[in-house]
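Have the viewer open and follow along.

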Amino acid sequence: MTPEQQLKSFISALGLDVGSKRIGLAGCDGTGLIATGITTIERRSFVEDVEQIQEIVNQRRVQVLVVGLPYTMDGSLGFQARHVQKFANRLAKALKLPIEYVDERLTSFQAEQLLIAENRSPSRHKGLIDRKAAALILQQWLDARRSISNRSVAFVDD
């Protein structure tokens, strides 16, 4: 696949790290290679959450929501994961967008480690942790998508 074809097949995605108090949001660059944190929404009500996310969806022409699903360490869906799914399904329906889930185990921990490496206090930067976690979730999805795309190209070239 040529770079031009890859750009045409690029899908604008919004990464979400959904928590009970905040939602971290991340977007990707125009090439679909790099995810970066956009903002953190302080949760108030479902309607207000949707309004804030809708603005970003419109600005970025988002075509798919990529939501981190907090599996338990044994790989099952626990209490928190079911809450995230319930919220994400309602959100996807309200925004009329498809949704894809990514295993987000340890992304908040990784985001905290990134802050520590930047000499920032995780306890003082909760919103930044959520944004960075959303970026890690979206980056994982972008990398997996690119890997699948590269494999299918390899089969075509054989």
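This is a predicted model: local features need pLDDT of at least 70, side-chain atom pairs count only at pLDDT 80 or more; totals for chains, interfaces and linings use all residues.

## Helix 3: length and faces

Helix 3 runs over residues 79–95, and at 1.5 Å a residue its 17 residues should span 24 Å; the end C-alpha atoms are 24 Å apart, so the two agree.

Now look at who is hidden. Ala81, Val84, Phe87, Ala88, Leu91, Ala92 and Leu95 of helix 3 are buried. Because these residues cover an arc of only 135° around the axis, they sit on the same side of helix 3.

## What the buried face touches

The buried residues of helix 3 pack against a handful of elements: strand 1 (13–18), strand 2 (22–28), helix 2 (46–60), strand 4 (64–69) and strand 5 (99–103). Just after helix 3, lysine 96 takes a positive phi of about 55°.

Strand 4 is mostly covered, with 6 of its 6 residues buried. Val64, Val66 and Gly68 point one way, while Leu65, Val67 and Leu69 point the other way.

What does strand 4 pair with? Strand 1 is a parallel partner, over 4 bridges, and here glycine 15 stands opposite valine 66 of strand 4. Strand 5 also runs parallel to strand 4, joined by 5 bridges, and glycine 68 has valine 102 in strand 5 as its bridge partner. To get from strand 4 to strand 5 the chain passes through helix 3, making a right-handed β-α-β crossover.

Key. Residues are numbered from 1 along each chain as its sequence is written. Side-chain values use heavy atoms; hydrogens and water are left out. Helices (H or I, at least four residues) and strands (E, at least two) are DSSP runs, numbered from the N terminus. The expected span of a helix is 1.5 Å times one less than its number of residues. Buried means under 20% relative accessible area, exposed over 50%, partly exposed in between (1.4 Å probe, protein chains only). The arc is that of the directions from the helix axis to the C-beta atoms. Contact means heavy atoms within 4.5 Å. Two strands pair if DSSP finds at least two bridges between them. A crossover is right-handed if, with the strands pointing away from the viewer, the path from the first strand over the helix to the second runs clockwise.
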